[in-house]
Amino acid sequence: MSSIYFLIACSIFVALLFLIAFLWAQKSGQNDDLYTPSIRMLIDDEVIDDEKEGQEPKQSS
Amino acid sequence: MATLVKPVCYHCGEDTFTGSYQHQDKVFCCSGCLNVYQILSASNLGSYYKLNNHPGKTQVSATQFSYLEEPEIKARLIDYTDSSKTIITFYIPAIHCSSCIWLLEHLHTLHKGILENRVDFLKKQVYIQFDHQQLSLKELAELLQSIGYEPLISLQDVVKEQKKVKDRLPSKIAVAGFCFGNSMLLSFPSYFGLSEGIDADFSYFFGLLNLLFCFPVVFYSGRDFFNRAYKDLRNGILSLDFPLALGIAVLFLRTFVECAFAIGDGFADSLTGLVFFLLTGRYVQQKTYYHLSFERDYRSFFPVSVKVVDANGKETDVPLEKLEEGHRIRIKNQEIIPADAILLQGEAMVDFSFVTGESIPVHKTLGEIIYAGGRQLGGFLELEVVKPVSQSYLTQLWNNEAFKKHSSTRIKTFVSKVSHYFSIILLTIAFGALLYWIPQDWQRGVAAFTAVLIIACPCALALSTPFTMSAALSIFDKNKFYLKNTEVVEQLAAIDTIVFDKTGTITLTENDGVSFKGNLNHELKSVIYSLCKNSSHPLSRKISDYLQDSQEIPLENYIEEAGKGLQATYKQQKIKLGSRLYIAGQKQNDTTHSEVHVSVENDYAGYFTIKQKLRAGLKELLSDLNRTYDAHLLSGDASHDAAKLSPYFKNSNVLHFKQSPQDKLNFINNLLQMGNKVMMIGDGLNDSGALKQSNAGVAITDHINNFTPGSDAILDAASLHLLPRFMQFSKSAVKVIHFSFIISSTYNVFGLAYAVTGNLSPLFAAILMPLSTVTIISFTSLATHYAAKKLNLL
């Protein structure tokens, strides 16, 4: 039954790691803007090519 | 497929009138749009146009950014600077779509000096890190301007204000939640009575662990409560934070004692739970406030209109929220300048007491910028708007210290009254229980003492008032009744007397009601027209509308005397316009219309008769109001309207005529001294003193510029018929708060009954407190909405 000391210590330690991760994310401003990243990830990274100039621009629906 | 399609600008989608702006077989509406396209395609940023059709906005402005070279201004705007980089956050109102985000995050391709850029779409801000050796702040702003995303720079930046409030609430909630969850888990066995059979060692271990979780909650998450309670105590106020802080402190001490000496289970779960729920409530409150003020900034606006002059000299009334940069506006005597603007014409003597507290008017020269919030004293001005109206800035002015009422006229809010008594009663009961038990069993006495302090929860007051008031305020806003702040709701609920101003409030001038008795030659018409153009008095406006085809000529030495008349000098002659008393020294006979007399160099020239009609719906409004309130009427006119008006009021004694602005003020004061709670409704022009003096001053507006910071509320004339319902709703809102307090008292009495016997179990406390909090919050939100629905305000 004394293994319970060890088990509790472990579980608290793991939970503490998550808490620290959250506090770190909060401090670095992850939750300041919840909207723009949703648009940002839909924008393509393009390879700028001179040949592309002549092609038809893609129509976004 | 040869359909005739009107060519639209490739950049902004507006119609193109000429085909003269073309480039690479794309048409543009103007050189501005063409320029932006050329810049973008030259830097291979053509994808801007792929993401949306016509993502650009029409180019209009030509703002100068040379002031960005001043070091003091730069210092106030930038966030950070060192030898290698400078960081600034710009507010760019033109951000409206994904193309904007795309373009602004590719700024670094337009100039090597831009190191990093990030957009916050909802706040319409761009965060830019740039190398100031390669690119100055002014050049950066000009670059943004050239691609059509001009930054809006204000020294009164709301953007900066928002940044200052960093109380780290989410982090505190996270810590409290972490500790709460863990300590709940550890306390579970004792809830179910399983801790009886466990080793004493384990119980001691669990107890210590629980105690350990209390430390971060009390000293980190709960720190604000202690700070605020201490500050309030130092100022001699017993606010709500005092019992909260006391409860937390007592919980902590009792847990410490019980766990360290192994005499009990401690109250760690209640402590952590309490702090967690209180902080969550505060967070929700903050978000609601932000959302409401955001709505106020961008959705609802003061129902105020400004006269805008177009290129041909034609005037139109433009509502405040539609006022744009580049508009030429006309500001008359006593009107407030609603936005930062450059003076183009007129003799500007501006009273900035609303902004700076300095009541000596400032003389401004042509070409100088006059900042928003100043009040013109003198003839009319023509200005060009350089910065759109900032609603939040005007609201800030409105809530300025200068307009806080004398504390005697403010009905003390319910919360401040109750929180004062709550703490006292609480301590009385606690000491009472202690003294009762001490002769018999001192341990039980201490247990009872601490239990009383723990269980008594003023959560109702802490949470219900802000939620209810904010909900009430937003409902009022939707109905065009714009309150200064949440306290006004309670003031409205306590009103028992309503005083109406006559001109402009109850009466309107009829459209064809103006006629002149005397000889009006062309020159005199122009002089009178120009004279009236300077004044915002309803009669002057009516006369200038009547004479609107006249020519405007410059006048000098314009003076307006409230309640009397106007005068100015033209060709060395003094022109006067006003009441009969002012011009001819005789009191006006009782007639059925208003008279405005004219004299030139003391030679009498004739007079205008202006017929006035009563506002529509007045009968229903007043009969409704007369049932519950005492209604009075104050008027600066002579009593010629008495017969027409007395059927609307209870009797003719409540009609008072020939009141000067000072008389109106004295009348309000008399009513206040007799113990009445007075609401004054006026148009904010000659009654601003009375508005300020009354318990609730309402400025009614017909879409003219009469923003009176001394008032407590602005009511759109179109919503005047809703006034009885507004008063009823404010009473309902206060009733909701009272009722939620009753609910909280019930919980408290119930809990205290257990507490005084010294039998308080941690489980009981842990359930009771969150339960009461949740009940009250849901009750207040639902009840407020229900009340609004019943009155058809929602």
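In this predicted model, the side chains of Asp501(B) and Lys664(B) are joined by a polar contact of 2.9 Å. Asp501(B) belongs to strand β17 of chain B, which covers residues 497-501. With a relative accessibility of 4%, Asp501(B) counts as buried, because that value is under 20%.

Chain B has 794 residues, and 53% of them are buried. Its secondary structure comes to 26 helices and 28 strands. Contacts between residues at least 6 apart in sequence also tell something about the fold: in chain B, 66% of these join residues at least 24 apart. Lys478(B) and Leu793(B) are separated by 315 residues in sequence, yet their C-alpha atoms are 8.3 Å apart in space. Lys478(B) sits in helix α16 of chain B, residues 459-478. Its relative accessibility of 59% is over 50%, so Lys478(B) counts as exposed.

Strands of a sheet pair through backbone hydrogen bonds, and they do so in either a parallel or an antiparallel way. One open sheet of chain B contains four strands in the order β3-β4-β6-β5, with antiparallel pairing. Strands β3 (80-81) and β5 (114-120) of chain B are at the edges; each has a single partner strand, so one side of each has no neighbour in the sheet. Strand β3(B) runs antiparallel to β4(B), residues 86-91, and two bridges join them. Across this pairing, Tyr80(B) is placed opposite Ile87(B) of β4(B). A helix accompanies these strands: α5 of chain B, residues 137-146, lies across β4, β5 and β6 (125-130) of chain B and runs at about 35° to β4(B).

Another open sheet of chain B has three strands, ordered β12-β11-β14, and here too the pairing is antiparallel. The edges are taken by β12 (362-364) and β14 (375-376) of chain B, each with a single partner strand, so one side of each is left without a neighbour in the sheet. Strand β11(B), residues 348-351, pairs with β12(B) over three bridges in the antiparallel sense. In this pair, Ala348(B) faces Lys364(B) of β12(B).

A hairpin can be followed residue by residue as well. Strands β7 (residues 305-309) and β8 (residues 315-319) of chain B pair in the antiparallel sense over five bridges. Val309(B) stands opposite Glu315(B), which belongs to β8(B). Five residues lie between the two strands of this hairpin, and Gly313(B) in the turn has a positive phi of about 90°.

Positive phi values also turn up away from glycine. Most residues other than glycine have a negative phi. Asn557(B) is not a glycine, but its phi is positive, at about 55°. This residue, Asn557(B), is part of strand β19 of chain B, residues 556-561, and counts as exposed at 55% relative accessibility. Glu601(B), likewise not a glycine, has a positive phi of about 50°. Glu601(B) is found in the loop between β22 (594-600) and β23 (603-614) of chain B. At 39% relative accessibility, Glu601(B) counts as partly exposed.

The size of an interface is often given as the accessible area lost when the parts come together. For chain B and chain A this buried area is about 2,400 Å², with 67% of it on carbon and sulfur atoms. Lys50(B), Phe178(B) and Phe202(B) are the residues of chain B that lose the most area to chain A, and together they account for 23% of what that side buries. The contact involves 31 residues of chain B and 28 residues of chain A.

Between the two chains there are four residue pairs in polar contact, both residues at pLDDT 80 or more. The count of salt bridges between chain B and chain A is one. It brings together the side chains of Glu105(B) and Arg40(A), at 2.8 Å from N to O. Several elements of chain B build the side that touches chain A: α2 (48-51), α4 (98-104), β5, α7 (169-191) and α8 (200-221) each supply at least two residues. The largest share, seven residues, comes from α7(B).

How values were computed:
Residues are numbered from 1 along each chain as its sequence is written. Chains are lettered from A and ligands numbered from 1 in the order in which they are written. This is a predicted model: local features need pLDDT of at least 70, side-chain atom pairs count only at pLDDT 80 or more; totals for chains, interfaces and linings use all residues. Side-chain values use heavy atoms; hydrogens and water are left out. Two strands pair if DSSP finds at least two bridges between them. Contact means heavy atoms within 4.5 Å. Axes are lines fitted to C-alpha atoms, for helices over the stretch in contact, and angles run from 0 to 180 degrees between N-to-C directions. Buried means under 20% relative accessible area, exposed over 50%, partly exposed in between (1.4 Å probe, protein chains only). Buried area is the accessible area (1.4 Å probe) that two parts lose on being put together, summed over both. A salt bridge is a side-chain nitrogen of Lys or Arg within 4 Å of a carboxyl oxygen of Asp or Glu. A polar contact is a pair of N or O atoms within 3.5 Å; within protein, one must be able to donate a hydrogen and the other to accept it, and residues adjacent in sequence count only if both atoms are side-chain atoms.
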